[in-house]
Amino acid sequence: MKKFIQNHKLALIGTFLGGIAGYFYWQQIGCSTGTCPLTSKPMNSTLYFAFLGYIFSGFFSNKKTANS
């Protein structure tokens, strides 16, 4: 488990920060009518932003692929 965390530290941090950002987005901006699919419920916006944080953290990875 410790090795997994060390190897995926950036992705885990990005996912965690994205989830926090999603929750605060729902809390501060949200959707007053309840018809917005991403921001009507806190779980939706938290998971969506956590996924975006995970994807965004991949841009900062220094790992080389087999083709490069």
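This is a predicted model: local features need pLDDT of at least 70, side-chain atom pairs count only at pLDDT 80 or more; totals for chains, interfaces and linings use all residues.
Of the 68 residues in the protein, 18% are buried. The exposed surface comes to about 5600 Å², and 67% of that is supplied by carbon and sulfur atoms. On contacts: if you take those with a separation of 6 or more, 55% are between residues 24 or more positions apart.

Now, the helix pair I wanted to show you. Helix H2 covers residues 9–28 and helix H3 covers residues 42–57. Their axes come within 6 Å, crossing at roughly 145°, and the crossing is right-handed.

So who's touching whom? On the H2 side you've got, among them, Gly 14, Gly 18, Gly 19 and Gly 22, plus Tyr 23, Tyr 25 and Trp 26. Over on H3, the residues they meet include Pro 42, Ser 45, Phe 49, Gly 53 and Tyr 54. Sorted by class, the contact of H2 with H3 has 10 nonpolar residues, 9 polar ones and no charged ones.

Let me zoom in on one residue, Ser 45, which sits in helix H3. Is Ser 45 buried or exposed? Its relative accessible area is 1%, and the cut-off for buried is under 20%, so Ser 45 counts as buried. And what is Ser 45 in contact with, leaving aside its neighbours within four places in sequence? That would be Gly 22 and Trp 26, along with Leu 38 and Thr 39.

Methods. Residues are numbered from 1 along each chain as its sequence is written. Side-chain values use heavy atoms; hydrogens and water are left out. Buried means under 20% relative accessible area, exposed over 50%, partly exposed in between (1.4 Å probe, protein chains only). Contact means heavy atoms within 4.5 Å. Accessible areas come from the Shrake-Rupley method with a 1.4 Å probe; for residues, only the protein chains shown count as cover. Axes are lines fitted to C-alpha atoms, for helices over the stretch in contact, and angles run from 0 to 180 degrees between N-to-C directions. Helices (H or I, at least four residues) and strands (E, at least two) are DSSP runs, numbered from the N terminus. A crossing is left-handed if the near helix is turned anticlockwise from the far one by less than a right angle, and right-handed if clockwise. Ala, Val, Leu, Ile, Met, Phe, Trp, Tyr, Cys and Pro count as nonpolar, Asp, Glu, Lys and Arg as charged, and the others, Gly among them, as polar.
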